[in-house]
Amino acid sequence: MTTSVRFSNPRTSTKKRSASSWSDTGTATEPTLLIMCSSFRCRAGRPSARAPELTGSLWDKEIDDRRTMRELTDRVAVVTGAGSGIGRALAEAFAAEGARVVIADVDETGLGATAELVRALGAEVLAVPTDVRDADAVDRLAARALAAFGGVHVLCNNAGVSRMGNSWEMSVEDWRWVLDVNLWGVVHGLRSFVPHLVAQPEAHVVNTSSMGGLMPAPFIAPYTASKHAVVGLSRSLRLELAGTAPHVGVTLLCPGAVATAMDPNTPRPGGGPEDLPPGAAALAEHVRADKDQGATPGAVAAATLDAVRENRFYVLPNAGDFLDVLRADFEAVLAAPTD
Ligand SMILES: NC(=O)c1ccc[n+]([C@@H]2O[C@H](COP(=O)([O-])OP(=O)(O)OC[C@H]3O[C@@H](n4cnc5c(N)ncnc54)[C@H](O)[C@@H]3O)[C@@H](O)[C@H]2O)c1
């Protein structure tokens, strides 16, 4: 399947000229990003003659979803946040496919346990204690992976944490911690590893966001802000790689609830006892009570590996219940005044 992403300028309105216009020549001034999915290399239309300067622009990329990495045997997969939950399940799933696995986490005990599980599957494993907030540490992780295995084929930016509260009341430390792990951890992973992925004949990036990265949710603003950011940066990354290194695929993992150790109000190192406002406390209680109802990490990992093999961008395990919210959200965007 080919997804054609084309920057075009189909409007012909002369009513108003946008200050942020990308075009100086046409009467149609507001850019529209058209994302057209077709079953097989079907590109609906060409850029308008009104905006020839946009032809071949950065947006005019075909994303060749037919490129696949069906064979994971002997590939090298790096997984952050692998000491628990989805990251551990990803490490095990890659190992079960015969991949060599590099696992990273701040939790050295959890990391050791995952290493044992991966070894028990007969796979080679390199465990590197790593704080993804630290760019140098992630650089060292990449260096260790390359030294051990000579290359990296799959990068899973998966480590994540969450803090709860009213967005305006949460401490700067809480905001910073969540953004540092969930957003900067992904940025560091891309900066340290993508140059090495590009050097492979085929490679793949998996960024773990969440349904919280696609839809609104109260009392976890640092989490939703960071996860929306991961959605945005993954979309940009996908466009960039489509233009410069189309042999590197991108998958955006946005699970609904998953039964892991993750707490919606993850204790922050050095943070005090939990002190949530009533709404947040009620939501935390609800999420904790329902925790075991989520998808298994193994099911999420299996869906992710399928997406890597088939080079699919969106993976939304256990997210069916949220589709109505997503739809209503998009409809509200589309219904907003645009003049
Ligand atoms: N569990 C869910 O319901 C759910 C839903 C959607 C998305 N997610 C996302 O999935 C990812 C994995 O979460 P999980 O549910 O497996 O949680 P988890 O708590 O079981 O695992 C997260 C891991 O990240 C590690 N980590 C935290 N800070 C780190 C840092 N600075 N550097 C390196 N590692 C660090 C933790 O030690 C832990 O081992 C997260 O990004 C999370 O936001 C989880």
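Visitor: Which residues are closest to the ligand, and how many surround it?
Guide: The ligand has 29 residues around it, and the closest are Gly81, Gly85, Gly160, Thr260 and Met262. A residue counts as near if its C-beta atom, placed from the backbone, lies within 6 Å of the molecule. This is a predicted model, where local features need pLDDT of at least 70 and side-chain atom pairs count only at pLDDT 80 or more, while totals for chains, interfaces and linings use all residues. Residues are numbered from 1 along each chain as its sequence is written.

Visitor: How does that shell split by class?
Guide: The shell around the ligand has 11 nonpolar, 14 polar and four charged residues. Here Ala, Val, Leu, Ile, Met, Phe, Trp, Tyr, Cys and Pro are nonpolar, Asp, Glu, Lys and Arg are charged, and the others, Gly among them, are polar.

Visitor: Which element gives the largest share of the shell?
Guide: That's H1, with three residues.

Visitor: OK, zooming out. How many helices and strands are there?
Guide: Eight helices and 10 strands. They are DSSP runs numbered from the N terminus, helices being H or I with at least four residues and strands E with at least two.

Visitor: Back to H1. What is its angle with H2?
Guide: About 20 degrees, with the axes 9 Å apart; H1 covers residues 85-96 and H2 residues 108-120. The axes are lines fitted to C-alpha atoms, for helices over the stretch in contact, and angles run from 0 to 180 degrees between N-to-C directions. H1 and H2 are therefore roughly parallel. The cut-offs are under 35 degrees for roughly parallel, over 145 for roughly antiparallel, 65 to 115 for roughly perpendicular, and oblique for the rest.

Visitor: Which residues make that contact?
Guide: Arg88, Ala91, Glu92 and Ala95 from H1, and Thr114, Leu117 and Val118 from H2. Contact means that the C-beta atoms, placed from the backbone, lie within 7 Å. By class, the H1 and H2 contact has four nonpolar, one polar and two charged residues.

Visitor: And H7, how does H1 cross that one?
Guide: At roughly 55 degrees, with the axes coming within 8 Å; H7 is residues 297-310. That makes H1 oblique to H7.

Visitor: What meets what there?
Guide: On the H1 side you have Gly85, Ile86, Arg88, Ala89, Leu90 and Ala93, and they meet Pro297, Gly298, Val300, Ala301, Ala302, Thr304 and Leu305 of H7. The classes come to nine nonpolar, three polar and one charged in the contact of H1 with H7. Gly85 also turns up among the residues closest to the ligand.

Visitor: New topic. What is phi for Asn311?
Guide: Near 55 degrees, a positive value in a residue other than glycine. Asn311 sits in the loop between H7 and strand E10 (314-315).

Visitor: Is Asn311 buried or exposed?
Guide: Asn311 counts as buried because it has 21 C-beta neighbours inside 10 Å. Buried means 20 or more other C-beta atoms within 10 Å, exposed 12 or fewer, and partly exposed in between, with C-beta atoms placed from the backbone.

Visitor: What about Asn318, where is that?
Guide: Asn318 is in the loop between E10 and H8. Its phi is near 55 degrees, again positive in a non-glycine residue. Asn318 is partly exposed, with 19 other C-beta atoms within 10 Å.

Visitor: Last one: why is Phe330 classed as exposed?
Guide: Because Phe330 has 12 other C-beta atoms within 10 Å. Phe330 lies in helix H8 (residues 323-335).

Conventions:
Contact = placed C-beta atoms within 7 Å.
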